[in-house]
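This report describes how one protein chain is folded. Look at the sequence and the model first, then read on.

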Amino acid sequence: MLLIFNSNSCLFALVSYYKDQAFIEGFAKKLKQIRESKGFSQEKLSLITNISQSQIARTELAQVNTSISHLALYAKALGISPKDLLDF
């Protein structure tokens, strides 16, 4: 749903946010599986990616819808292709 309205020369848009929880959970499990198989702690991954350990934890718990930029950072740090994180 997209609603756009104009009020006093200001344009506002209300966008319905799509969130595929099953996909987020699949990604979360895959990230944790690969991270652990590479012997990385969340802290080590955090230090390499400069993504906070708490953000990594929330991602692995499927509590956040991570960005493509973070996906790319995770893949690079883990020495894998980004598509490997989406193979679930």
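From the N terminus on, the elements of the protein run β-β-α-α-α-α. In total there are four helices and two strands; helices (H or I, at least four residues) and strands (E, at least two) are DSSP runs, numbered from the N terminus. The model is predicted, so local features need pLDDT of at least 70 and side-chain atom pairs count only at pLDDT 80 or more, while totals for chains, interfaces and linings use all residues. Residues are numbered from 1 along each chain as its sequence is written, and side-chain values use heavy atoms, with hydrogens and water left out.

Of the 88 residues of the protein, 33% count as buried. Buried means under 20% relative accessible area, exposed means over 50%, and partly exposed lies in between (1.4 Å probe, protein chains only). Among the contacts with a separation of 6 or more, 51% come from residues 24 or more positions apart. A contact here means heavy atoms within 4.5 Å.

**The nonpolar core**

The largest nonpolar core has 14 residues. Such a core is a set of buried Ala, Val, Leu, Ile, Met, Phe, Trp, Tyr and Cys residues joined through side-chain atoms within 4.5 Å. Those with the most contacts inside the core are Phe 27, Leu 31, Leu 45, Tyr 74, Leu 78, Ile 80 and Leu 85. H1 and H4 each supply at least two residues of this core, and the largest share, five residues, comes from H4.

Tyr 74 shows how separate parts of the chain meet. Leaving aside its neighbours within four places in sequence, Tyr 74 is in contact with Phe 27, Leu 31, Leu 45, Thr 49, Ile 51, Ile 56, Thr 59, Thr 66 and Leu 85.

The table gives the geometry of two helix pairs. Axes are lines fitted to C-alpha atoms, for helices over the stretch in contact, and angles run from 0 to 180 degrees between N-to-C directions.

| Helix pair | Angle | Axis distance |
|---|---|---|
| H1 and H4 | about 20° | 11 Å apart |
| H2 and H4 | roughly 110° | within 10 Å |

H1 is therefore roughly parallel to H4, whereas H2 is roughly perpendicular to H4. Angles under 35 degrees count as roughly parallel, over 145 as roughly antiparallel, 65 to 115 as roughly perpendicular and the rest as oblique.

The crossing of H1 and H4 is left-handed, a word used if the near helix is turned anticlockwise from the far one by less than a right angle; if clockwise, a crossing is right-handed. On the H1 side the contact is made by Phe 27, Leu 31, Ile 34 and Arg 35, and on the H4 side by Leu 71, Tyr 74 and Leu 78. By class, these residues divide into six nonpolar, no polar and one charged. Ala, Val, Leu, Ile, Met, Phe, Trp, Tyr, Cys and Pro count as nonpolar, Asp, Glu, Lys and Arg as charged, and the others, Gly among them, as polar.

Between H2 and H4, Leu 45, Ile 48 and Thr 49 of H2 meet Leu 73, Tyr 74, Ala 77 and Leu 78 of H4. This contact has six nonpolar, one polar and no charged residues.

Leu 73 of helix H4 counts as partly exposed, at 35% relative accessibility. Not counting residues up to four places away in sequence, Leu 73 touches Thr 49 and Ile 51. Leu 73 and Leu 45 are 28 residues apart in sequence and 9.5 Å apart in space, C-alpha to C-alpha.

The buried residues of H3 are Gln 55, Ile 56, Ala 57, Thr 59 and Glu 60, and they pack against helix H1 (21–37), H2 and H4. Gln 55 has a relative accessibility of 16% and so counts as buried. Apart from residues up to four places away in sequence, Gln 55 touches Val 64 and His 70.

Most residues other than glycine have a negative phi. Asn 50 has a positive phi of about 65° although it is not a glycine. Asn 50 lies in the loop between helix H2 (42–49) and helix H3 (53–60).

Ala 62 also has a positive phi, near 60°, and is placed in the loop between H3 and helix H4 (68–78).
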